[in-house]
Every structure is written in C-alpha cells, then in structure tokens.
Amino acid sequence: MRGEIPAAETPEQLYARVFQELKPRTSAPPIEVSFRRFAHVNSFIEYKEGKLRVRISDLLAAAPKSVQEALAWILLCKLNRREIPPRHLDRYKRYLNRRDMVRSVEQLRKSRGRKTILPAQGRRYDLIGMFEDLNFRFFHGLMSRPDVGWSRSPSRTILGHYDTAHHAIVISRLLDQEDVPAYVVEYVMYHEMLHLKHPVERRGGRRCVHPAEFRREEEAFPYFQEAKHWFETGLRRLK
C-alpha cells in the first residue's frame with residue numbers, strides 16, 4: 001500500500017521508493033547511501049555520473065524509519081526543486097528537537113568539531129573588555145565569561161552567535177572597524193549574552209530561541225532602537 005514503510009527496507013531501497021513516489025514516470029537511478037562521521041547532523045545529496053549519492057550523519061543511523069523516510073523526502077525534494085511535504089519536514093524537525101537528540105548533537109560537535117575564532121582584541125574593539133563591561137552593567141557581574149572572539153570571515157548575515165557546544169560567543173569581524181558605532185557592537189554582544197541567560201526552550205517539540213523574557217530584556221538595551229536603525233542604514237555601507 002502507498003505510504004507504508006517496509007520493515008526490512010534498506011536505505012537504498014527507501015530512497016528508490018521515495019524517488020518513484022516523487023517522480024513516478026522516471027526510473028530511479030543507481031543509489032548509494034552512506035552514513036558518515038560528520039561533526040554535525042547535516043546530510044547531503046547529489047546526482048553525479050548517473051548515480052544518486054546520499055551522505056548522512058551517522059548520528060541518524062539509528063533514527064526510526066519514519067524519520068529516515070522524512071529525510072529522504074526532504075533531500076530528494078530539494079534535489080528536484082520540489083516543495084517539501086509539510087508532514088515530512090515537521091516529523092524531521094520534531095525528531096531533531098527532541099531533548100536527547102539535542103544533547104547528542106552538541107556532544108557530537110564537541111567531540112568531532114573544532115571552533116576556530118580570532119582573538120578578542122580586534123583592530124578597533126576589544127570583545128573581552130566589552131563583555132566584562134556589559135556583564136557589570138546589565139548582569140550584576142555574575143555571568144561567567146565563555147570563549148569570546150571575532151569570526152574568521154566578515155559575515156553580513158550572521159553578525160553574532162552563541163555556540164552552545166563550544167560555549168563561545170563569536171562576533172562578525174565585519175563590525176570591527178571605525179565606521180561601526182560602539183553601541184552597535186555592544187548590542188550584538190548583549191544579544192548573545194542573553195542567550196546564555198535564556199537557553200533555548202522547547203515547547204511541544206519546537207525550539208523557542210527568543211522567548212518573551214528574552215525579547216523584553218533585549219528591548220531594554222539603552223541603544224536598542226539606534227542599533228536596529230543602524231543595521232537598516234549603516235550595515236550596507238561597510239566594506
């Protein structure tokens with residue numbers, strides 16, 4: 001029956017079946033599925049030299065068949081530029097957002113991944129000094145400092161992030177220049193410090209990255225509006 005998952009189905013058979021359901025008039029090509037020791041939980045698919053190659057994080061090797069089928073739909077839909085059925089996307093996200101999976105992913109990144117960041121002392125701004133100043137002003141000096149540094153590349157899309165696996169705050173080195181007001185860098189740092197104070201919440205299998213209390217404290221930053229305005233007007237002028 002359409003939609004049933006055979007109990008003894010191999011990964012290659014699973015991808016061939018989903019391929020046929022997605023493209024019923026096209027024969028499935030030879031398929032090779034492998035589980036790799038990635039430092040993350042990402043998966044990859046490509047069609048090359050007449051063969052479909054799928055590489056999946058070994059962390060997902062023991063995932064339920066329904067989750068593996070959901071991933072097959074996601075990867076094959078992306079490859080064929082088709083819309084991903086919401087039920088498969090939801091099932092896969094819910095599995096990754098389970099508490100045990102979140103812990104496993106973070107442990108995987110700690111044990112296999114490397115976090116390479118530039119020193120905190122930049123050309124214009126010292127991130128450690130900035131962290132300690134914000135810590136004193138807004139957190140009573142009680143926040144333990146994680147690793148702090150500038151990013152290796154000057155990202156425009158990710159101006160800062162807190163890496164829970166490596167307990168590190170990284171700020172885009174695009175902001176380490178004369179044309180960037182201090183309150184802008186302070187706001188980005190303050191935002192990431194709030195992630196230490198307000199860890200990601202999980203509600204009904206979904207992640208809540210910025211809960212209500214987080215947003216209230218973020219908006220209480222003295223230069224919140226000025227920083228937001230600068231992002232809209234000044235960011236694009238940076239080189």
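How many cavities of 30 Å³ or more does the structure hold? The answer is one. Keep in mind as you explore that this is a predicted model.

About 70 Å³ of space lies in the largest cavity. Its lining is made up of P11, L14, Y15, V33, F35, I56, L60, A63, V67, Q68, L71 and Y92. Where do these residues come from? Helix α1, strand β1 and helix α2 (65-79) each supply at least two residues of this lining.

**The sheet beside it**

Let us turn to the strands. In general, strands of a sheet pair through backbone hydrogen bonds, either parallel or antiparallel. Here, three strands form an open sheet with mixed pairing, and their order is β1-β3-β2. The edge strands, β1 (31-36) and β2 (43-48), each pair on one side only. From one strand to the next, the twist averages 15°.

Strands β1 and β3 (residues 51-57) run parallel and are joined by six bridges. Helix α1 (residues 11-22) lies across β1 and β3, and runs at about 125° to β1.

**Aromatic rings**

Now for the rings. A pair of aromatic rings is described by the distance of the centres and the angle of the planes. The structure holds 10 aromatic pairs, and here are two of them:

| Pair | Centre to centre | Angle between planes | Type |
|---|---|---|---|
| Y183 and Y223 | 5.4 Å | 20° | stacked |
| W230 and F231 | 5.9 Å | 75° | edge-to-face |

Why is the pair of Y183 and Y223 said to tie together parts that are apart in sequence? Y183 lies in helix α6 (residues 182-197), while Y223 lies in the loop between α7 (212-219) and α8 (224-233), so the pair links parts that are 40 residues apart in sequence. Y183 is partly exposed, with a relative accessible area of 24%, and Y223 is partly exposed too, at 38% relative accessibility.

Is W230 buried or exposed? W230 counts as buried because its relative accessibility is 8%, and buried means under 20%. The planes of W230 and F231 stand at 75°, so this pair is edge-to-face.

W230 and F231 also belong to one aromatic cluster, which they form together with F138, F139, Y187, Y190, F221 and F224.

Key:
Residues numbered from 1 in each chain as written. Predicted model: local features only at pLDDT ≥ 70, side-chain atom pairs only at ≥ 80, totals over all residues. Heavy atoms only, no water. Phe/Tyr/Trp six-rings, centres within 6.5 Å; stacked < 30°, edge-to-face > 60°. Helix = DSSP H or I, 4+ residues; strand = E, 2+ residues; numbered from the N terminus. Buried < 20%, exposed > 50% of the residue type's maximum accessible area, 1.4 Å probe, protein only. Pairing = 2+ DSSP bridges. Axes fitted to C-alpha atoms, helices over the stretch in contact; angles between N-to-C directions. Contact = heavy atoms within 4.5 Å. 1 Å grid on protein atoms, 1.4 Å probe; cavity = no way out; pocket = protein on both sides within 12 Å on 5 of 7 lines; lining within 4 Å. Points joined across faces, edges and corners; volume = space filled by probe spheres on them.
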